[in-house]
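Here are my notes on the model you sent over. Have it open while you read, and tell me where you disagree.

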Amino acid sequence: MAVQVYLDGKYVDKDEAKISVWDHGLLYGDGVFEGIRAYNGRVFRLDEHLRRLYDSLKSVHIKIPLSRAEMKKAVLQTLRLNAIRDGYVRLIITRGKGDLGIDPRKCSKATIIIMADKIQLYPQEYYEKGLKLTFASTRRNISEALNPRIKSLNYLNNIMAKIEAIEAGYQEAIMLNAQGFVCECTTENIFLIRDGILTTPPVWAGALEGVTRNTVIELARKEGIPIREELFTGHDIYIADECFITGTGAEILPVIEVCGRTIGEGVPGPSTRRLLAAYRDITTREGTPIHEKESLTV
Ligand code: PMP
């Protein structure tokens, strides 16, 4: 059976899942999204992702007829229909069909899409050897313009930063905020470790409040690693003992070099490896069961 996509309350074959060219998600990036992961028959941190999605919707003033509980059911049903135990879920909500102007009042019904598929994993080598990063000249959105805590369909400045990384021969780029403090990477949050203390920029500095970021903070507390949410600069990364980036798809990716400066020993550091092991462990054990019977096997 073809991949089934949830589209406005119905399930349709992948190739039939089409939206109008009048949709403001396409015309103006007027919408929000979420990326969620399923491991071992469970959806990891589903409630946290849905909370962020509904927060984003609230902020951009898009109303949908589905409650959070109904959305949760629809996500699980999409995974079940596609027989996915390990995979990725993409939720997209746009303001819907309107006319060619931006007037949101012309969009009478939001478009709701849920896609579930196998996940494209990062190469194992990235986890074993670590990544080399650069800085992008493109800054993260300022909160006063488009708050980066909204996971909106406007990713163009992140894409511009990604282009800079690729053009410079790197896999990823670090983005700064308008004041020059480190925010995050193009689709991952960033952490550094120095003298045993884990530091990540506060979300108000201009980062998305990553679900993985929050999980890592929680795991660090459990592991007894002191954690701070503080502003830092590129210099702090150069002199860090360890650095890593986090995201739903990436999980925890070690960083071994930034702009030619070797980070620590130039290999994934011990705390990074410890947190990755703890993360892999929690993702296979915790989560919302896709099938009812899974809940009995914990
Ligand atoms: N920052 C940005 C800009 C993102 O798009 C994402 C999501 N890929 C993240 C950070 C990481 O968030 P999460 O851990 O919730 O996937």
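Predicted model: local features only at pLDDT ≥ 70, side-chain atom pairs only at ≥ 80, totals over all residues.

**Notes on the ligand site and three residues**

1. Sorted by class, the shell around the ligand holds 3 nonpolar, 10 polar and 5 charged residues.

2. Numbering runs from 1 along each chain as its sequence is written, and side-chain values use heavy atoms, with hydrogens and water left out.

3. Who is around the ligand? There are 18 surrounding residues, and the closest are Tyr155, Glu184, Val211, Thr212 and Thr248. α2 (46-60), α6 (211-223) and β13 (242-247) each give the shell at least two residues; helices (H or I, at least four residues) and strands (E, at least two) are DSSP runs, numbered from the N terminus.

4. Have a look at the ligand's oxygen atoms. A side-chain N or O atom of Tyr155 sits 2.4 Å from a ligand oxygen, a polar side-chain atom of Thr248 is 2.6 Å from a ligand oxygen, and for Lys151 the corresponding distance is 3.2 Å. On its own the ligand exposes 390 Å², of which the protein buries 93% (Shrake-Rupley areas, 1.4 Å probe).

5. Thr138 lies in the loop between β7 (131-135) and α5 (156-167). Is Thr138 buried or exposed? It counts as buried because its relative accessible area is 18%, with buried meaning under 20%, exposed over 50% and partly exposed in between (1.4 Å probe, protein chains only). The Thr138 side chain also makes a polar contact with the side chain of Glu164 at 2.5 Å; that term means a pair of N or O atoms within 3.5 Å, where within protein one must be able to donate a hydrogen and the other to accept it, and residues adjacent in sequence count only if both atoms are side-chain atoms.

6. Val21 is in the loop between β2 (10-13) and α1 (24-28) and is exposed, at 57% relative accessible area. Val21 and Gly98 are 77 residues apart in sequence and 9.5 Å apart in space, C-alpha to C-alpha.

7. Leu27, in helix α1, is partly exposed at 30% relative accessibility. From Leu27 to Val255 it is 228 residues in sequence and 36 Å in space, C-alpha to C-alpha.

Notes. Near = heavy atom within 4 Å. Nonpolar A, V, L, I, M, F, W, Y, C, P; charged D, E, K, R; others polar.
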